[in-house]
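Reader: Before we discuss this model, could you set each term against its definition as you go?

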Amino acid sequence: MRDVSRRALGQLEAEVLAALAGLGGDAGTAELTARLDGEPAYTTVGTILYRLYRKGIVTRVRDGRQYRYRLAVDESALVADRMRDQLRHASDPGSVLSRFVRTLTPEEERKLRELLGGAE
Amino acid sequence: MTWFTVLPFALMAALSAVLGRVRLPLHPVWCARVLATTAGMTAVAALGTGFFVAVNYAATLAPAAAARLPEWALFGDDRPVPDVVGVPAVLLSAAGLAVAGRTAVRWVRELRAARDGAGRVLETGVPMAVAVPGRGGGVLVSRGLLRGLAAEELRVVFEHEGSHLRHRHHRYLAAGAVAAALLPLRRLDGALRLAVERWADEDAAEAVGDRALVARTIAKVALAQPAAPGPAPGFADSGVVRRVEALLGAPPARNAVAGPLLFLGDALLTGSLAAVALQLDHALAALPPVW
């Protein structure tokens, strides 16, 4: 179990990825640090970026004395497509994978919008 | 064999059917535990009962071979098992084993596909997050999720999926899936799935300290899902509305007493019924005394 939590994509890693995705193109460590909540240390973000780079989730190019990072585009789009198909069934009865949410029925969508309308 | 042979299984099937229809007034943690135990034990009893009737039917057909069977595997009364009971029992047991096997193969395939992807970002604009259990697992997220959610919303998703992994929720889902594959217990499986999601939601709400934020995140991700292809699956209640409703309300009571009591009671009841269905008492009596 401990093993899983160590290997799982960490919270800060996900935030760095989200920031990188939000910027659209490539970004340097300082830019990313500025976009993150809670102002993590520059070196922390650098370490995370290096880890993501080692995992092949981001790519980097040298720009002067620094690196600029961008999200790695998966070349094996075919593989990803097949997996997406598999995962589409992840919420079907009989699966052991639990997806965060399942696809809504039109009726549920209407109710959900109503609920949110009431909350705001 | 008598009617008592199928009684334990019949009682458990009835209990499972009832639990799938009522909403247990318990914290999702206890709800999930009770439902998973019931589902798992009912599946065991179904296979066990089918197996015993099938063995005894075989003994009726071939009395010579039956003499080699251990005493506990046979019903005590030497009365033959009629074809009307025996043939369906053999067929249903074989079908049950095949279904259980196919379900297991499917899990392995799914897990392998998901593990291949864990640690990479899913190349899709649809916001998705999947908890992949086991070694080499983790949280699988899509590019759409990373792009569409703010940092604190992302934290909700990770806390939710982390709860699934920490509490090994895939085992609960496996119990429900096997029960639903063997018997018409889709409602029980659905109730169990909802309870497990609610459990993870409550864990996430506690971790981020904001129930409304969790509710909003779930709704946001749910509304961003593309419509299901093909005809609308009218029967499939995704449970999202009930999850959001529950999070917008007050936190559920912990059930520090009622929860464990009900769970223990249910485990004892279903466990002993399953043991009776497997004729464990006979099997134990047949063992040589160790003292």
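Reader: What share of the contacts in chain A with a separation of 6 or more comes from residues 24 or more positions apart?

Author: In this predicted model, in which local features need pLDDT of at least 70, side-chain atom pairs count only at pLDDT 80 or more, and totals for chains, interfaces and linings use all residues, the share in chain A is 37%. Two residues are in contact if their C-beta atoms, placed from the backbone, lie within 7 Å. For chain B, residues 24 or more positions apart account for 70% of the contacts with a separation of 6 or more. Residues are numbered from 1 along each chain as its sequence is written, while chains are lettered from A and ligands numbered from 1 in the order in which they are written.

Reader: What makes up the secondary structure of chain A?

Author: Chain A has six helices and four strands, running α-α-β-α-α-β-β-α-β-α from the N terminus on. Helices (H or I, at least four residues) and strands (E, at least two) are DSSP runs, numbered from the N terminus.

Reader: Which residues touch the most other members of the largest nonpolar core?

Author: A nonpolar core is a set of buried Ala, Val, Leu, Ile, Met, Phe, Trp, Tyr and Cys residues joined through C-beta atoms within 7 Å. Of the 97 residues in the largest one, B:Ala32, B:Leu35, B:Val141, B:Ala179 and B:Leu192 touch the most other members. Helix 2 (residues 28-61) of chain B gives this core its largest share, 14 residues. Domain 1 (2-71) and domain 2 (77-119) of chain A, whose bounds come from an automatic or database domain assignment, both give residues to this core, so it lies between them. A second, separate core of six residues includes B:Phe52, B:Tyr57, B:Val81 and B:Ala89.

Reader: Why is B:Leu61 called partly exposed?

Author: A residue is buried if 20 or more other C-beta atoms lie within 10 Å of its own, exposed if 12 or fewer, and partly exposed in between, with C-beta atoms placed from the backbone. B:Leu61 has 14 other C-beta atoms within 10 Å, and is therefore partly exposed. This residue lies in helix 2 of chain B, and B:Gly86, 25 residues apart from B:Leu61 in sequence, is 9.8 Å apart from B:Leu61 in space, C-alpha to C-alpha. Buried residues make up 46% of the 291 residues in chain B and 32% of the 120 residues in chain A.
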